[in-house]
Structure formats: structure tokens, C-alpha cells
Amino acid sequence: MDKNRKVYKKINRSGIVGTIIRVVLFSSLAGLILYFVYAEFVSYILLSKLSTEYEKAVGMAEIYDKASDTDAELFNDTEYAGTDYIIMDGSGERKYVSGEDTCGKNSYAVDNYLRPVVVYQDTKTDTINFGKRSLKINWPAFFKEMEKQNAGKFQLGFDITTDKKDRDDDDDDEDEDYGIVINEPTSEDYEKIAQLYDEDQLVAMPIWVCADANGGSEKLARRSAIYVNMKDLTIFVELYIAVGLIIFILIVSLIANAIKALIQKRRITSLFTTDAATGAKNWMYYIIKGEDLIKKRRNARVPFAIVNLCFVNYRNYCLCHSVQDGEKLLTAIYRRTVHTINPNEICARASSSNFALVLRGGSDEEIKQRLDSLIQGLSTINQPHTLTFQAGVNVLRPNTDAAGRTVRRNALNLETEYNNACSARAKLSDTDGSGVAFFDDRLVDEEKWVDIVHEKQQQALMNEEFQVYYQPKYDPRTNELKGAEALIRWASPEYGFVTPYRIIPIFEKNGFITAIDDYMITHVARHQKMWLDKGLKCVPVSVNVSRAHFADNNLAEHIRDLVDREGAPRNLIEIELTESAFFDDKRAMIETIKKLKDYGFMVSMDDFGAGYSSLNSLKDMPLDVLKLDADFFRGENAGERGEIVVSEAIKLAKSLHMKTVAEGVEEKDQVDFLAAQGCDMIQGYYFAKPMPMSDYETRMQGATA
């Protein structure tokens, strides 16, 4: 189950987690790429423009160095005419100002690839921010400045004609769309607008660029304009949109893959946790989800009921209808159960007609009422049939530590707890009706005992801890010893004297009963040989052979060899079969009985009357002895009606040339009645209880009761 849990968790993690990580990483990388594109574009545009403006500042500084005086007309005859500039000393104090002084106080050294350029912000228009390594555009301020600079010239959003040949045409001519609106322009305005457009001029952002003057003892700062033109902006926008679109497509693709992976994961998980035949949740789902639910911290104080719910007559239903109809009925049972329980409880198909539930519990009485109500509703789900359901319940109470504090159920094993619920339901398996049974400490002790027997059985066999007890059979007319039955007891040095009722059912279930059969046959034959050697008068001793042993086609030969190995006469060994053994392969059974008789063994049927096919068995089986079941002499019907049945059974046996043995006889009036009816032997407490070999040997010496 741990391996399956790991597979389940791996399926849950697969596909979606990796895809989510890829989406996050790629989105982060995409953001960095977009930022890098933006930063590189701005740096390239501004730094390339800044380089040009710096060269102009250097040119003005060279003219200033050659001039004898500093005045406003110093640059009139140069290309720098009308430029605002400032002369500062080494400490940055103004020595001379030409034009409007909007130069900021703080200087910034901008790395212009080849050399650092010292710049000052324009105090009136803060559209460019400077840092140690980069320049950033304040875009809101940028567009505001653009509108301000274009005020009275043009505004964005209208149509104008910019073709020079159409400049002086009538106003009725059809204009081409260039995204500009004219506020009643003059011909000079047209020239300015055309010139701006021809140059792709969009906006100028003022800054102050500084150059060394007078050998570096002074600085000249000129008011410059870094122009961003339409071409540059178009390239940037197109590049930015293209990169952004590619990134967007990739992110959408990753997200689509994530969604696809999620759908695929859910489909695989559903297949992993769904019962194919009924569509119900399966055992894997029950264990994984059930343990997760019960182990949660918030559920530490909540009692839970682990339930094994069994549809008892499922096989009969399939026999009368079909397997497909049976599976449809199981589907209906599952859906009704899920609809009945609470949303935070669990129901799954465990196996065949068994459903496993995890219910939030209360007192045992409350749990029983809930299950009785559920069973009552399910019993009429398939009218006109009345269905039978049995439920085993194992209640999990909150766990506490040594200090009495509630702790989580981290060590829970739901398979073990469910098995306990199944053990509780097994108490109802002998009944045909619906019911609810709870697991308790007594069942725990029983399960531990089964485990002990299974662990110790082989060792006990090898150490001959199993002892043969004998219960004599007497002739009711003469009180003469006529036979005996060999019965097993376990004299365990660790667990004391153990009766067969505590071990034989366990051996029958785990298959060890065949080894016990061999052990008993061997020891009875050994004892018979020993008694014969002592000169005692031996009588036949019956040994039970289990139903499981008859699966061996060579059983008769096997028994023959065991007896012959000990040297005992075969006619002193009676092979006793239970009536239930006749319900298996009847042809093989008859062949085995014939072989045993041919080899000289006597064969008897035990518990005649305990089943429902006794007469039919007598018709076919060549038996030597018929043992009347003890229930004939007990219970409410042990009176006149019982005597009639016993009397007729004895007559029937005599007619078939069979001897009769009445077992379980405890009272004298029963002995007298059986003697009067011609019963050959009586086995019961009236004459003797089962006894050790030594006590039986003493009885043999007395020969009578």
C-alpha cells in the first residue's frame, strides 16, 4: 500500500507542478527581457543624443576659452547663438548666466560609453531622471512636456497634408492621416509642421550638459534638448510590442499546457482511484483519503467509525440474475450510500460486495442508529427484492498522551483498522439477517490467539505437544466397550491445556488440519500396535479426516501407508468423515471410500442429521457406521418427535447394513431408549468423557463401563 501511495502522490505532482514552475520562471524571465529591451532602448536613444549635446557643450567651451570677455553676444555669430548657458567655478558656483537659469544644483555623471558626461536636470521640466548608470524617462511628464512644446503649433489626433506640393492648395483638398491636428495654421505653420515631420521630430526634453572650460578650472553648462523622434519611438514601440507578443504567446501556451496537464492528471487520478465495474471509489482511494482525513490535526478530537458494510446475498443475486445486474445493483448501493452519508465522510468499494466507510462518529448507539437507518434504506433499493446487509464497526476514539492531551493519529494504519471492522462483521456471518456488530477487546484477543496458533502450530507438531484423547463407545445393552473416538488436545508448555474447539477451526482455515489428520492417524495406529503387543483386546478407534484432505486423489493410499508404517491392523482404524465432506466432489468421495474399504478400513459418517442431504448421502455412500448427531438428544424437539426420528434413522441404518453410534448421550433414559431401538454403540458423558491414553488403556483392561 505504501508503494501505491507513492505512485498516487507522484501522479498528483506530475504534470502540473513542473508546468507551474515553468510558467513562473518564464514569466519572470519575460519581465526581465521586457525591462532589458526598455532599458537598452532608452539608454541607446538618450545616450546617443546626449553624446551629440556634449559635443556642442565642448564646442561652446572652446569658444569661451578663446574669448576675452564673457557676455550674452559671445556666441551670436556661431551656431550656438541664443543658447542658454552658465559658467561655474570649480565649486559649482555661478560666475555668469546667459538666458534663463533653470539648471539644477545637483550634478550627475552619466556613463556615455566612451567617457562620463556631467549633466544637470532642468528644474522646470523633470522628464529625465539620472542615476549612476542609467537614464529613465518619466513618461507622464514626457507626454505633458510634448503637449506643452507643441502648444500653438499642432496637437496629436488630427489629419494634415504634409506633401510640399499640396502645401498651398485649397483647404478643401483631401488630407492624408498623419495623426496631427492643425489649429488654423498659417503657411509658416505648415512649413514648421512639415519640417518637424520631415525630421521625424516629436519632442525635445531639456537638460543641462556640462563641459570643462578654462583648463578645467571652470565648467560651462548649456541648456540642451534631447530630441526623441517618431522613427525612434516607432522602432521602440514595434520592437516592444513584438517581444511582448511573443512572450504573451509563449505564456499562454505554457498556461494551456498547464491546464491540459491538470485535466490529464485528474483523468489519471480518477482511473487510479475508481472501481472499473461500478464507477465507485475504490480501495486505493479509501486508504489514501481515509488516512489523510483521520490524521489531520483539526480532526484529532473527532471520533471516527471505520465500517465494513457487506451486501450479504450478492452471490445469490448474481446467480439468479447476472453478474452485470449484480454490478448495476452495487453501483446503486454505492450511490445511495454516498448520498446518505455526510460530504466530509468516505465510502468506497473494498472488494466484491463489501463497502468501506469512514464516518464521523459519536457514541456507539448513535453510530448503530445511523447504520441501521442506512441498512434499512438499502434493503429496499431493489424492489421487490429485500436485500440483507451486515456492518462491522471499529470506533477510533481520540488519542491522548501521558499528560492527557489529545494528539494526532500519525501512526494510524487504516488497513489494520478496517480489518478489525471486518472481524466484527464476521461475528454476524452465521446469521442470515441484517445487523451491526462492533469490534471490541475480546475480538482483539481472538485475533491474537489465531496469530499465536499459526505461529506455534508447526513447532507443537514437531515436539508432539498434541495429545491423543480417547472417548469410549459402549454397547448400551451389555455396557461392553465396542470402540472409541480419537480426539486431539494441545498440552502447550506455554499456554497450558488447550481444547480442540480453540484450535481445530483455526487449523481448518489455515490448512494445517491435514497435518493434524496425519498426526492423529499415525499416533492412533501406533497406540493400537502397542496395545496389541501388550496383549490387550483392542477395539476399532475412529479418527476424523477433514474435508480438506479429500482434495487428495491418493488419500486412501496415503492413509494406508501411514497405518502400515506403524504396523497396526487396518480393521482397527475407522476413518470418520463429516457430513459436510459429502457436499464436495461426490464421485471422488465415493471412489476414496471404496478404496479405504478395499484396504480393510472401516468408514463412518459423523454428525448424521446435522445437514440437509443425509438421506441422499446414505443412498450413494458405502458406509460402515452411522453416527447420530448429539442434537437429536438436546433442545426443545428432543422429546417424542426426536425419538421418532432417531428410531427411524436406526432402522434405516440397519436396512443398509450399517452400525449406529449415538453421540452426546448424557442421561440413563436416553441410553434405555437407544438400547430398545437397537442402537449398536453409545458415546457420551453418561459412560465416559474423553480421556488420556493411559486412562483409556485402563478402560480397555476392564472392557466394560
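Predicted model: local features only at pLDDT ≥ 70, side-chain atom pairs only at ≥ 80, totals over all residues.

Trainee: Let's start with rings. How many aromatic pairs are there?

Mentor: The structure holds 21 aromatic pairs. Take Trp-283 and Tyr-286: their ring centres are 5.5 Å apart and the planes make an angle of 25 degrees.

Trainee: What makes Trp-283 and Tyr-286 a stacked pair?

Mentor: Two checks. Centres must lie within 6.5 Å, and planes under 30 degrees apart count as stacked. With 5.5 Å and 25 degrees, Trp-283 and Tyr-286 pass both, so the pair is stacked.

Trainee: And where do Trp-283 and Tyr-286 sit?

Mentor: Both belong to helix 6, residues 283-295, and they are three residues apart, about one turn of the helix.

Trainee: Why is Trp-283 called partly exposed, and what is Tyr-286 called?

Mentor: Buried means under 20% relative accessible area, exposed means over 50%, and partly exposed is in between. Trp-283 has 22%, so it counts as partly exposed. Tyr-286 has 0%, so it counts as buried.

Trainee: What about Tyr-470 and Trp-531: stacked or edge-to-face?

Mentor: Their centres are 5.4 Å apart, with the planes at 65 degrees. Edge-to-face needs over 60 degrees, so that's the label for Tyr-470 and Trp-531.

Trainee: Which parts does the pair of Tyr-470 and Trp-531 tie together?

Mentor: Tyr-470 is in strand 18 (residues 466-474), while Trp-531 is in helix 13 (residues 513-534), so the pair ties together parts that are 61 residues apart in sequence. As for cover, Tyr-470 is at 0% relative accessibility and counts as buried. Trp-531 is buried too, with a relative accessible area of 0%.

Trainee: Which residues form an aromatic cluster?

Mentor: Trp-449, Phe-466, Trp-490, Tyr-495, Phe-507, Phe-512 and Tyr-519 form one.

Trainee: On to charges. How do you know that Glu-291 and Lys-295 meet in a salt bridge?

Mentor: The cut-off is a nitrogen of Lys or Arg within 4 Å of a carboxyl oxygen of Asp or Glu. For Glu-291 and Lys-295 the N to O distance is 3.7 Å, so the salt bridge counts. The two are four residues apart in helix 6, about one helical turn.

Trainee: Buried or exposed: what is Glu-291?

Mentor: Glu-291 has 8% relative accessibility, and the limit for buried is under 20%, so Glu-291 counts as buried.

Trainee: What makes Glu-345 and Arg-370 a salt bridge?

Mentor: The closest N and O atoms are 2.9 Å apart, and the limit is within 4 Å, so Glu-345 and Arg-370 qualify. Glu-345 lies in the loop between helix 8 (323-340) and strand 12 (346-351), and Arg-370 lies in helix 9 (residues 364-379), so this pair ties together parts that are 25 residues apart in sequence. Glu-345 is buried at 8%, whereas Arg-370 is partly exposed at 31%.

Trainee: How many salt bridges does the structure hold?

Mentor: It holds 30 salt bridges. Another one of them joins Glu-480 and Lys-482, with the closest N and O atoms 3.7 Å apart. There's also a network of salt bridges that links Glu-485, Glu-576, Lys-627 and Glu-663.

Trainee: Which residues gather in a patch of negative charge on the surface?

Mentor: Glu-640, Glu-643, Glu-667 and Asp-669. Asp-669 lies in helix 18, residues 668-677.

Note on methods
Residues numbered from 1 in each chain as written. Heavy atoms only, no water. Patch = residues over 30% accessible without salt bridge, like charges linked within 9 Å, V, L, I, M, F, W, Y side chains within 5 Å. Areas by Shrake-Rupley, 256 points an atom, 1.4 Å probe, with all protein chains shown as cover. Salt bridge = Lys/Arg side-chain N within 4 Å of Asp/Glu carboxyl O. Lys, Arg positive; Asp, Glu negative; His and termini not counted. Charge placed at Lys NZ, Arg CZ, Asp CG, Glu CD. Phe/Tyr/Trp six-rings, centres within 6.5 Å; stacked < 30°, edge-to-face > 60°. Buried < 20%, exposed > 50% of the residue type's maximum accessible area, 1.4 Å probe, protein only.
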